[in-house]
Protein chains: 4
Amino acid sequence: MAKKYDEPVTQIHIKPKMTVGELVNAMGKAGAYNGGALFKAVEIYERMLRDPKATKFFGLAGAMVPAGMGGIVADLISKGHIDVLVSTGANLTHDIVEAIGCRHFHGTAFCNDVELRHDEINRIYDIYLPNEAFEKFEGFIQQIFSELEPESTISICDLLCHIGHRTKKGILHNAMKKSIPVFCPAIQDSMIGLQYWLFSQTNHVVIDSFADMPALMDKCFTAEKSGALLVGGGVPKNFILQSMLMTPNGFNYAIQLTGDRPDLGGLSGATLDEARSWGKITEEAEAITVYGDATITLPILVAAVMERMLHD
Amino acid sequence: MAKKYDEPVTQIHIKPKMTVGELVNAMGKAGAYNGGALFKAVEIYERMLRDPKATKFFGLAGAMVPAGMGGIVADLISKGHIDVLVSTGANLTHDIVEAIGCRHFHGTAFCNDVELRHDEINRIYDIYLPNEAFEKFEGFIQQIFSELEPESTISICDLLCHIGHRTKKGILHNAMKKSIPVFCPAIQDSMIGLQYWLFSQTNHVVIDSFADMPALMDKCFTAEKSGALLVGGGVPKNFILQSMLMTPNGFNYAIQLTGDRPDLGGLSGATLDEARSWGKITEEAEAITVYGDATITLPILVAAVMERMLHD
Amino acid sequence: MAKKYDEPVTQIHIKPKMTVGELVNAMGKAGAYNGGALFKAVEIYERMLRDPKATKFFGLAGAMVPAGMGGIVADLISKGHIDVLVSTGANLTHDIVEAIGCRHFHGTAFCNDVELRHDEINRIYDIYLPNEAFEKFEGFIQQIFSELEPESTISICDLLCHIGHRTKKGILHNAMKKSIPVFCPAIQDSMIGLQYWLFSQTNHVVIDSFADMPALMDKCFTAEKSGALLVGGGVPKNFILQSMLMTPNGFNYAIQLTGDRPDLGGLSGATLDEARSWGKITEEAEAITVYGDATITLPILVAAVMERMLHD
Amino acid sequence: MAKKYDEPVTQIHIKPKMTVGELVNAMGKAGAYNGGALFKAVEIYERMLRDPKATKFFGLAGAMVPAGMGGIVADLISKGHIDVLVSTGANLTHDIVEAIGCRHFHGTAFCNDVELRHDEINRIYDIYLPNEAFEKFEGFIQQIFSELEPESTISICDLLCHIGHRTKKGILHNAMKKSIPVFCPAIQDSMIGLQYWLFSQTNHVVIDSFADMPALMDKCFTAEKSGALLVGGGVPKNFILQSMLMTPNGFNYAIQLTGDRPDLGGLSGATLDEARSWGKITEEAEAITVYGDATITLPILVAAVMERMLHD
């Protein structure tokens with residue numbers, strides 16, 4: 001009989017003042033369920049970030065910026081840990097909202113939403129965003145749109161880079177400074193999109209859906225190796241994973257942090273093994289899914305990996 | 001003390017050969033949890049479909065066409081029960097795949113994905129799609145693309161309508177026949193999009209991201225009343241709900257069938273009450289969420305409502 | 001290459017007035033995700049109920065009786081489709097509450113629980129139970145306890161059978177009439193248990209935790225074949241499955257309807273394949289899990305199987 | 001208009017070598033979803049542990065000991081942070097297995113369970129336990145049972161304390177040393193129970209289901225204040241919460257770490273607000289639910305609180 005199992009489970013004993021990296025290592029020695037998976041995610045993400053040959057993709061779905069996770073993403077960009085970012089339009093909208101000085105607020109999910117409506121507060125689970133933020137957002141973004149050359153055609157990436165030049169901080173700003181492309185295939189599906197529709201009522205600049213895709217595909221064809229950290233599912237996950245389908249390559253590293261479940265069939269909850277059947281990730285790819293809320297798993301993952309890379 | 005509760009729970013007693021509508025009515029008299037919510041969804045969807053003033057939106061996310069739910073959607077279009085369809089690119093891709101004669105197959109989720117890769121089978125949970133389907137898809141769609149007028153600009157809706165003319169059945173075909181617009185904001189994020197990238201390597205037709213948005217917004221501004229049936233979340237849910245944000249209106253009827261959960265903060269799992277705070281649905285809107293797999297809840301919902309509407 | 005996949009997916013087309021069995025058959029031809037699993041559950045449950053050699057176990061966890069599912073269970077007992085019932089104490093408490101003429105009521109989960117407390121209403125998600133039901137319950141059950149022979153020792157099964165003699169309808173009553181044993185290992189963990197503690201303050205009758213286990217184990221040892229329908233997880237699921245561990249047998253049929261998920265490691269969400277490694281179910285057992293709310297899946301499952309067995 | 005929201009969201013910026021407590025504080029300043037809830041859980045658990053008037057309950061469900069969480073529970077007992085433990089029988093079985101020198105092992109959930117069966121390995125998601133552990137367990141526990149006085153009657157608590165005297169480490173051992181009662185209402189529903197059934201074939205010692213309940217109820221009646229940390233749901237959660245129902249008291253502090261969801265109606269996923277309607281927790285109780293895998297949330301919770309209490 002071949003060896004059928006690996007290391008024994010080590011019971012966790014908490015030591016006060018443990019660093020996050022130390023606690024994750026203890027979770028790894030326990031090794032079970034999503035705690036064990038989180039340790040494996042740290043292992044894989046560390047190897048991915050240390051691999052000089054790997055092009056690093058980051059998928060950002062879910063309402064992560066309103067939840068304070070935007071700072072982590074912006075910092076990863078600044079530190080050179082993201083080469084390609086794919087985001088929902090909502091996260092970029094809220095990134096702009098914060099960058100122009102508006103704030104999201106702690107609220108509660110157990111409330112009267114009609115009263116909130118009367119108070120001009122928009123709710124995102126237990127986070128509140130006053131309407132005035134969107135009013136300021138409108139003024140800011142319409143000003144930017146008005147600077148686009150009339151009758152021109154522009155890619156989504158370029159539009160977002162343009163915005164990043166005018167924000168003073170945050171994801172779009174840091175991406176612009178590091179010349180990192182930010183893809184947002186469904187830009188229409190966001191406040192940015194609604195504002196653009198408003199702008200387009202009286203102006204004519206074409207947003208070309210496919211203008212930035214050749215640059216992405218070039219990256220996929222030329223990448224010696226590649227890795228993806230996927231926060232949530234949706235368009236960012238699918239768009240990143242499918243980008244390898246037309247190439248002879250596949251992702252070599254893949255980590256997903258998701259609260260979805262595989263048995264519903266949707267891509268958002270699909271296992272990364274499923275992605276092997278398509279060739280989105282390679283047969284030998286190091287891949288792990290951590291099920292849970294990314295407002296917990298993302299900070300831990302990044303804190304543990306940054307701790308490991310401290311002395312590089 | 002005001003009346004604090006409603007009808008008593010009636011224990012369910014199964015009668016053999018019950019129709020779906022009869023069983024759902026029994027679930028309504030039981031009235032608890034998602035069984036009770038499914039009954040309420042039937043009530044609301046019936047009123048929505050019977051309301052001649054209501055513009056009817058349908059959001060289609062999740063891998064529903066590979067799961068055999070495409071037939072339900074195509075039939076709802078044919079019967080005039082959908083005025084606006086918003087879909088992920090994946091569902092439309094698989095709709096085309098079926099329309100051109102390829103099939104999805106029953107498989108298993110407990111398999112070796114590397115072996116599937118070697119056998120050229122792509123897996124969607126427990127559904128298998130052989131690669132040859134995508135080869136046939138490529139030939140079909142490239143032919144369509146090649147008929148686009150060189151150097152022209154086209155909207156996503158028009159591109160999809162163009163495809164619907166060439167398919168002989170299914171969602172896109174029926175939508176074309178009924179002149180129903182199909183919106184797919186993230187068209188790039190699909191096999192249709194990858195094929196379009198390929199086409200754009202040697203051809204130049206611009207897909208204008210925003211060209212079809214005025215028509216959508218017109219519908220939203222002019223709708224006397226409106227309702228939405230949302231299958232899954234993602235771009236379709238958000239794009240439909242946000243479309244009312246720029247208008248003085250909100251949805252009057254809203255039903256969502258989702259497997260997500262609200263506490264993760266993402267829009268896909270958000271309650272419809274949350275949508276009230278934003279004004280996406282009206283303060284008085286009739287709205288219900290049924291948590292569960294739409295491969296179960298969608299057929300039941302539609303079967304029960306069609307049964308009720310049989311004698312109209 | 002061996003045949004790698006099974007039947008093609010058949011798109012669902014709803015016909016008004018479809019019976020539940022017809023709709024489930026259509027779900028089976030679609031064959032995907034939990035809709036496909038529900039069809040398989042119907043297939044397996046039908047074979048299990050038709051198998052004259054099979055001893056039939058039923059596990060009842062979750063707040064199913066307050067949700068109107070108790071009627072289904074009581075009817076299955078009356079029809080001879082359950083040989084052994086294992087339940088949580090809560091379901092039996094609510095069965096008694098209904099049997100003595102009290103009712104559960106339709107309420108809402110979006111409420112002020114402190115106000116409910118002031119109104120003497122106990123909430124079970126969106127079901128309300130007024131305190132007065134527990135007052136009536138107390139009078140009823142203390143009367144029964146008072147009839148127990150002083151200084152005697154009694155098994156949990158016998159105590160429940162004793163109660164079933166005094167109720168006029170419901171699960172315990174029907175089980176008593178059909179001489180079906182009802183196991184409730186954690187009887188203390190329920191209102192029945194709290195009332196028994198009260199009784200035991202001034203009386204002395206010993207409830208022997210293990211007195212009914214030999215009868216259960218005898219059934220497991222002597223069963224030619226066996227099957228289990230598990231609604232929810234918890235003690236009922238584990239107690240049923242573990243009962244085969246001391247025998248050379250294992251369950252030949254197993255169906256679980258659960259809203260839990262496997263990746264958290266708990267037994268409630270564990271797959272039935274996991275049960276194969278332990279020998280709780282046989283290597284060749286027909287087994288399926290349907291993920292979702294049992295207030296939807298249980299009525300459908302039973303209605304479809306009863307329809308199939310109508311003409312026996 | 002009254003103030004409608006609280007503090008602004010502070011974007012998280014990771015500093016390498018952050019302690020767990022520092023990271024949780026950053027999650028608290030972000031303040032959203034389950035990351036925000038985890039911070040609140042730390043705040044409440046700290047206040048609960050520092051409250052000298054509070055009797056501290058701990059509920060242990062889910063397969064936590066095989067996952068390495070037993071060490072945390074055992075340490076909390078040793079440090080005086082648990083006054084009453086309620087556990088599933090499975091966790092105590094695996095506690096004994098580890099205490100007598102057997103080990104659980106890292107495995108994988110993506111495996112062939114029939115092969116595992118042939119290899120005599122029992123699987124708990126991705127943890128493997130060889131059969132030989134249960135053989136050693138049988139010898140150990142039968143020896144203990146054989147020392148029980150013939151024809152006597154014993155409570156479940158006393159039986160578990162008896163076992164704790166013979167183990168050299170772990171939960172039961174530490175509880176015995178600190179004279180902490182361990183309740184396990186469904187003792188039959190575990191390997192301990194199956195072994196007891198075996199013992200009872202040839203011996204007669206009565207396990208009295210209710211013998212230890214008066215001691216628990218006395219604690220509930222006399223507790224000046226009380227708090228509960230609930231890991232998972234099941235019998236431990238319900239048994240702890242219901243224990244206050246017969247008293248004029250309710251829990252003043254309550255924290256639950258669960259992967260379940262409320263909309264299915266089961267007690268395991270029920271909100272703690274629901275418990276207010278019953279009076280299980282007080283109207284003013286500080287209470288929070290953190291949704292997610294306890295193999296992640298429990299270590300973080302305990303590490304952060306221990307860090308805060310370091311300098312007491």
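Let's start with D208(B). A residue needs 20 or more C-beta neighbours within 10 Å to be buried, and 12 or fewer to be exposed. D208(B) has 18 C-beta neighbours inside 10 Å, so D208(B) counts as partly exposed. Keep in mind that this is a predicted model.

Where does D208(B) sit? It lies in strand β8 of chain B, residues 206-208. Look at who touches it. Leaving out residues up to four places away in sequence, the contacts in chain B are T153(B), I154(B) and S155(B). Two contacts come from chain A: V206(A) and I207(A). Now take I154(B) on its own. D208(B) and I154(B) are 54 residues apart along the chain, yet 5.9 Å separates their C-alpha atoms.

Next, the sheets. Go to chain A. Six strands form an open sheet there, with parallel pairing. The order is β7-β2-β1-β9-β10-β11. Which strands stand at the edges? They are β7(A), residues 182-183, and β11(A), residues 281-291. Each has a single partner strand, so one side of each is left without a neighbour in the sheet.

Strand β2(A), residues 84-87, pairs with β7(A) in the parallel sense, over two bridges. There, V86(A) stands opposite F183(A). A helix also packs on this sheet: α13(A). It touches β9(A), β10(A) and β11(A). The direction of α13(A) makes about 135° with that of β10(A). Remember α13(A). We will meet it again.

Now chain C, and another open sheet. This one has three strands, in the order β3-β5-β4, and the pairing is antiparallel. Here β3(C), residues 105-106, and β4(C), residues 121-124, stand at the edges. Each has a single partner strand, so one side of each lacks a neighbour in the sheet. Two bridges join β3(C) to β5(C), residues 127-130. Across that pairing, F105(C) faces Y128(C).

For β4 and β5, switch to chain D. How many bridges join β4(D) to β5(D)? Four, and the two strands run antiparallel. N122(D) stands opposite L129(D). The hairpin has two residues between its strands, and Y125(D) takes a positive phi near 50°. In a regular strand the side chains alternate between the two faces of the sheet. Check that on β4(D). I121(D) and R123(D) are on one side, N122(D) and I124(D) on the other. All four are buried, which leaves both faces of the strand covered.

One helix now: α9(C), residues 191-200. Its buried residues are M191(C), I192(C), G193(C), L194(C), Q195(C) and Y196(C). What covers them? From chain C, the cover includes α4(C), α6(C) and β8(C). Chain D also takes part, through α11(D), residues 234-242.

On to the core. In soluble globular proteins, nonpolar side chains tend to be buried together. The largest nonpolar core here has 469 residues. Which residues have the most contacts inside it? L38(A), L38(B), L38(C) and L38(D). Take L38(D), and leave aside its neighbours within four places in sequence. Its contacts in chain D are V24(D), M27(D), V290(D), T297(D), I300(D) and L301(D). I296(A) is also in contact with L38(D).

That brings us to how chains A and D meet. The contact takes 59 residues from chain A and 60 residues from chain D. On the chain A side, the elements giving two or more residues are α1(A), α2(A), α3(A), β3(A), β5(A) and α13(A). Here is α13(A) again: it gives the largest share, seven residues. By class, the side of chain A has 32 nonpolar, 16 polar and eleven charged residues.

How do these two copies relate? A rotation of 180°, with 0.0 Å of shift along its axis, superposes chain A on chain D, with an RMSD of 0.0 Å. In chain A, T19(A) comes closest to that axis, at 1.9 Å by its C-alpha. And 100% of the interface residues of chain A are also interface residues in chain D, so the copies meet through the same surface.

Last pair: chains C and A. The contact takes eight residues from each chain. On the chain C side, four are nonpolar, two polar and two charged. A rotation of 180° with 0.0 Å of shift along its axis superposes chain C on chain A. That is the relation of a two-fold axis. Here too the same surface serves both copies: 100% of the contact residues of chain C recur in chain A.

Notes. Residues are numbered from 1 along each chain as its sequence is written. Chains are lettered from A and ligands numbered from 1 in the order in which they are written. This is a predicted model: local features need pLDDT of at least 70, side-chain atom pairs count only at pLDDT 80 or more; totals for chains, interfaces and linings use all residues. Two residues are in contact if their C-beta atoms, placed from the backbone, lie within 7 Å. Ala, Val, Leu, Ile, Met, Phe, Trp, Tyr, Cys and Pro count as nonpolar, Asp, Glu, Lys and Arg as charged, and the others, Gly among them, as polar. Two strands pair if DSSP finds at least two bridges between them. A nonpolar core is a set of buried Ala, Val, Leu, Ile, Met, Phe, Trp, Tyr and Cys residues joined through C-beta atoms within 7 Å. Copies are superposed by least squares on the C-alpha atoms of residues with pLDDT of at least 70 in both. Axes are lines fitted to C-alpha atoms, for helices over the stretch in contact, and angles run from 0 to 180 degrees between N-to-C directions.
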